[in-house]
Amino acid sequence: MKRIYLKHGKEESLLRRHPWVFSGALQHADTPIDDGQTVQVFDSNGRYMATGHYQPSSIAVRILTFDNETIDRTFWQRRLQAAYLLRQTAGLLSRPDTNAYRLVHGEGDLLPGLVIDVYGHTAVMQAHSTGMHLARHEIAAALQQVMAGKIDNIYYKSETTLPYMAQTGQTENGFLVGGDTDDVAQENGLRFHVDWLRGQKTGFFVDQRDNRALLEQYARGRRVLNMFCYTGGFSFYAMRGGAETVHSVDSSAKAIELTRNNVELNFPDDPRHQAYCEDAFRFLERVGRPDSPDHGKGYDLIILDPPAFAKHRGALHNALKGYIRLNAEALSQMKPGSLLFTFSCSQVVTKDHFRAALFTAAAQAGRDVSVLQQLHQPADHPINIYHPEGEYLKGLLLYVR
């Protein structure tokens, strides 16, 4: 196994068991290292620190283990078994009304660069590092052992998540095991289509499961607006909750089609739902204009769940301006007694950043706002306590006076 050495004093983060080594901490390697190779990391005195996947980027090594052990099929099986046990402990594997959950959540399951979502009898695997990509077949074999009798298919979907795809020799998504394209899964008794072939992420956002269930409790009799609806998850939960009307908005025609299909799957021919293929900012501005035929629709429950506005720290300032603008526009149109479910999935946006943005948005809209609940990611998206960056999903349930 190749060896890589740290600069003097740069081992401190590894002593704190942080799973990343940044490129600026590296001193030298014994021999040239290829993208995705498994390497052992040593401090400047030659003391073993950790083993991980090398990548020629700002995050140079993603740590797999702090023990001097071999990374083989037994290792993958052991880590996957531990991830399975966590979900079992969280009660996600014994629910007859839910067969969709995240089995592996990167650093949260001590497998940085790897995501596995389960939808019924299909596991969708996604690599975010070349090292995980190169190990995909070995991981799939271990996954079959851990999930024997529970999954029949493993679909590999990493075409858009690998930063160095051109060097990997794999340019297409596809099945590693099986080939069943039955795409209907279930969450809290509601059914939905999973577009793992062409959809975003692994095909559905299972991280909002608990927040969708919470929204259902507040939806009765309300006029609901679901912005950035994607698959329509919040929309059909609101409908089951007894919403008076539900309007779904997304700029993607494919997302609107998927939303309509999912609503129809659960509530066929229900006239309460309408979908709009339109930019979210333009939609809010349009319905907010006094001269608009849509003015005064009177939404009293709005969901704002946009894609990540900031992928890196350099984009943080503009991202916060975006959150302020979006939330201020929504708040300015809401009637007294309305509810706002608002989220950020940008990893670099902290809870404090997001709360400050909402403070500014409320002030700009001139509204009195109370925080009813802080919202976050569910138990199958665990946060490694040594890796606070893993707490990516932040949300607030706001009461607008």
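**Close-up views of a predicted model**

View 1. Strand E15 (residues 245-250) pairs with E16 in the parallel sense over five bridges, where two strands count as paired if DSSP finds at least two bridges between them, and where helices (H or I, at least four residues) and strands (E, at least two) are DSSP runs numbered from the N terminus. His247 has Gln274 in E16 as its bridge partner. Together, E15, H7 and E16 make a right-handed β-α-β unit, right-handed meaning that, with the strands pointing away from the viewer, the path from the first strand over the helix to the second runs clockwise. This is a predicted model, in which local features need pLDDT of at least 70, side-chain atom pairs count only at pLDDT 80 or more, and totals for chains, interfaces and linings use all residues. Residues are numbered from 1 along each chain as its sequence is written, and side-chain values use heavy atoms, with hydrogens and water left out.

View 2. Buried means under 20% relative accessible area, exposed over 50%, and partly exposed in between (1.4 Å probe, protein chains only).

**View 3. The buried residues of helix H9.** Among the buried residues of H9 are Leu316, Leu320, Tyr323 and Leu331. The buried residues of H9 pack against several elements, including helix H8 (280-288) and strand E18 (338-344), contact meaning heavy atoms within 4.5 Å.
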